[in-house]
Amino acid sequence: MPLAMAMKGETRIITGFRGKEEMKRHLKDLGFIKGEQVHVAGENAGGMICVVKGVRVALNRGLADKIIVAD
């Protein structure tokens, strides 16, 4: 399922990515790596705050939709 569908307070495991290689590389640079845990710390209509590798990262819904996590 896409990370954008995860609810506040949930922790998921990243299983893959959708999109172009440039976008995938950008996400990996931010710490979103396959097998890594990601915690949804907050959300609103425009995006979400995620914690990955101990760092808080703000993502818009479109980008969060490209990150696939375990259900």
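Before we start, here is a term we need: two strands pair if DSSP finds at least two bridges between them. Keep in mind as well that this is a predicted model.

**Exercise 1. Find the order of the strands in the sheet, and say which strands are at its edges.**

Step 1. Trace the sheet from one side to the other: the order is β4-β3-β2-β1-β5. This is an open sheet of five strands, and the pairing is antiparallel.

Step 2. Look for strands that pair on one side only: these are β4 (55-60) and β5 (67-69), the edge strands.

Step 3. Now look at the twist, which averages 45° from one strand to the next.

**Exercise 2. Work out which residues face each other across β3 and β4.**

Step 1. Begin with the pair of strands: β3 covers residues 47-52, and six bridges join β3 to β4. The two strands run antiparallel.

Step 2. Glycine 47 stands opposite asparagine 60, isoleucine 49 is opposite alanine 58, and valine 52 is opposite valine 55.

Step 3. Check the turn: the hairpin of β3 and β4 has two residues between the strands, and lysine 53 takes a positive phi near 55° there.

Step 4. Turn to the other neighbour of β3. Five bridges join β2 to β3, again antiparallel, and these two strands form a hairpin with three residues between them.

**Exercise 3. Decide whether arginine 12 is buried or exposed, and find what surrounds arginine 12.**

Step 1. Locate the residue: arginine 12 is in strand β1 (residues 11-17).

Step 2. Apply the cut-off. Buried means under 20% relative accessible area, so arginine 12, at 15%, counts as buried.

Step 3. List the surroundings. Beyond its neighbours within four places in sequence, arginine 12 is in contact with several residues, including Met1, Glu36, Val38 and Asp71.

**Exercise 4. Name the residues that touch the most other members of the largest nonpolar core.**

Step 1. Start with a general idea: in soluble globular proteins, nonpolar side chains tend to be buried together.

Step 2. The largest nonpolar core has 19 residues, and Leu3, Phe32, Val38, Leu59 and Ile67 touch the most other members.

Step 3. See where the core comes from. β1, α1 (21-29), β2 (37-43), β3, β4, α2 (61-64) and β5 each give two or more residues, and the largest share, three residues, comes from β3.

Step 4. Zoom in on leucine 3. Apart from residues up to four places away in sequence, leucine 3 touches Phe32, Val38, Leu59 and Ile67, among others.

Note on methods
Residues numbered from 1 in each chain as written. Predicted model: local features only at pLDDT ≥ 70, side-chain atom pairs only at ≥ 80, totals over all residues. Heavy atoms only, no water. Helix = DSSP H or I, 4+ residues; strand = E, 2+ residues; numbered from the N terminus. Axes fitted to C-alpha atoms, helices over the stretch in contact; angles between N-to-C directions. Buried < 20%, exposed > 50% of the residue type's maximum accessible area, 1.4 Å probe, protein only. Contact = heavy atoms within 4.5 Å. Core = buried A, V, L, I, M, F, W, Y, C linked by side-chain atoms within 4.5 Å.
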